[in-house]
Structures are given as structure tokens and as C-alpha cells.
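Subject: Structure for you to look at

Hello,

Here is the structure I said I would pass on. My notes on what was found follow it.

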Amino acid sequence: MSLRSTLALALLGWVAAALPARAELAVGDTFPTLDAFHLDGVAPETTGRVTLVDFWASWCSPCKDSFPAYAQLHRELAPKGLLIVGVSVDDNAARYAAFVKSLAPPFTVVRDERHDLVERVRVEAMPTCFLLDRSGRVRYVHHGFHGAESARAFQQEIETLLAEPAPHP
Amino acid sequence: MNLRRLPLALALAVLATAAFTGCTSTKLVRVQPWQRATLADYTMRPDRDPLATTMSEHIYFSREAASGGRGVGGSGCGCN
């Protein structure tokens with residue numbers, strides 16, 4: 001084998017290695033069942049419900065800003081069928097508990113202590129929010145939290161999803 | 001093609017691939033967004049010591065006639 005062939009083989013391997021790792025869950029994908037992962041806290045049943053799954057951490061400032069907006073959405077839209085689940089990726093259980101105690105969210109929060117779920121979903125930023133329709137498919141993905149602009153977008157998209165008919169069993 | 005040199009060439013190719021892989025694999029070099037708690041810690045802020053910041057500012061001002069423009073918001077969590 002000539003030097004040129006050797007280099008070509010090495011280049012091929014290099015290109016293969018440079019291919020991107022598994023990407024984030026995208027619009028149209030089915031969101032994994034929360035029960036399948038080891039979460040600190042009780043994961044609610046999401047089947048047949050419009051669900052907002054938010055990945056957050058106590059060390060992330062925009063996550064802190066987003067909680068009042070989610071609380072408002074919960075108050076307005078939970079009676080119409082919206083379910084909000086905040087999934088913390090905190091390593092530190094004490095900081096997670098202090099954050100939850102200080103903000104007292106009215107919606108469900110759990111902690112992905114082993115990072116099983118977040119590694120499956122592979123979020124690209126903190127916070128990342130997935131809006132799921134009643135069949136459990138990802139319909140919208142939001143990276144970061146941008147104040148009133150994000151809150152308005154959430155409201156509009158959730159109302160669209162709530163207006164859709166439930167899937168046939 | 002000289003077939004006697006094939007094993008050596010293959011070994012070289014594998015070695016080169018392994019070496020280059022370390023430079024290119026995003027999985028190896030990238031701290032994932034959910035792993036940035038340490039980077040987001042207060043101690044990672046370059047301006048956490050007001051006295052040191054003042055002294056640095058003074059040096060830039062007196063030696064380089066430069067002032068301001070050094071601040072960046074937040075620490076290393078990369079949020080937003």
C-alpha cells in the first residue's frame with residue numbers, strides 16, 4: 001500500500017470520526033417516556049396530555065427567570081389540560097432543593113440526577129423547553145428564555161396544541 | 001501495491017485515525033450544556049475580586065491609556 005493510500009485511509013477515518021454525535025431531539029420525534037428514567041421525584045403521566053418539558057438548572061440564570069412565566073402558564077392553562085414538567089439537571093441535590101424551595105413552582109419538578117434523560121434528549125442549551133402534543137411528539141423546541149417574547153410564544157403554541165383533537169387510541 | 005507492507009500501512013492508518021479522532025470528536029472536547037455547573041460558579045468569574053479588578057484597570061489606564069470595555073456578563077454556563 002502506497003503512502004497516498006495510507007493517507008487516504010487515515011483521512012477517511014478522520015472524516016468518519018468528525019461526524020456529529022447524536023443530535024438533540026427534534027420536532028416530529030417522539031419524546032421518551034419519563035417513567036423509563038431514574039428521576040428524583042414523581043414523574044407525572046403524560047399520555048394524552050399537552051406537555052411542556054423544561055430542562056433547567058439552579059446555576060442557570062435564565063432558568064430562574066423562566067419559572068414565573070411557567071407558573072403563570074400553569075395557572076392559566078393547566079385547567080384546560082396543560083401539564084408542565086421541569087426537569088433539573090443539577091448534580092447538587094441541596095442546591096436543587098434550595099432553588100425549588102425559594103421559587104415554589106406550582107408545577108411538577110423532578111431531578112435527572114444521573115443525567116440519563118438529558119443525555120437521551122441531548123439539549124443544546126440551558127434552558128431548553130420541549131412542547132409535546134397529546135400523542136407525545138415534539139412539536140416545538142425553545143432554547144434559552146427571552147422574557148415576554150418567549151412567554152408569548154409558549155402561550156400561543158400551547159393554545160394551538162390544546163385546540164387539536166385528541167389522537168385516536 | 002506491495003502486499004508485504006500492507007500490515008504496516010494499515011497499522012499506520014489506524015494510528016493516524018486514532019490520533020486525529022482526538023482532535024475532531026465533539027463528544028470528547030465539548031462540555032455539554034448540562035455539565036456546566038462548575039463553569040457557572042461564582043469563582044469562575046474573572047471580576048469576582050473588586051480590588052484585583054481595580055488594580056488591573058489602573059494598570060491598563062496608566063500604562064496603556066486604555067479604559068473600560070473589559071466586562072462581560074455572567075460566567076461560563078453559556079446560558080442564552
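Of the 80 residues of chain B, 10% count as buried (20 or more other C-beta atoms within 10 Å of the residue's own; exposed is 12 or fewer, partly exposed is in between, and C-beta atoms are placed from the backbone). This is a predicted model: local features need pLDDT of at least 70, side-chain atom pairs count only at pLDDT 80 or more, and totals for chains, interfaces and linings use all residues. Residues are numbered from 1 along each chain as its sequence is written, while chains are lettered from A and ligands numbered from 1 in the order in which they are written.

Chain B has 3 helices and 0 strands (DSSP runs numbered from the N terminus: H or I of at least four residues for helices, E of at least two for strands). Its pattern along the sequence is α-α-α.

Val53(A) stands opposite Val85(A) of strand 2.

Strand 2 of chain A (residues 82-88) is mostly covered, with 6 of its 7 residues buried. It also pairs in the parallel sense with strand 3 (residues 108-111) of chain A, over 4 bridges. Val87(A) has Val110(A) in strand 3 as its bridge partner. The β-α-β crossover from strand 2 to strand 3 of chain A goes through helix 3 (residues 93-103) and is right-handed.

Regards

Key:
Two strands pair if DSSP finds at least two bridges between them. A crossover is right-handed if, with the strands pointing away from the viewer, the path from the first strand over the helix to the second runs clockwise.
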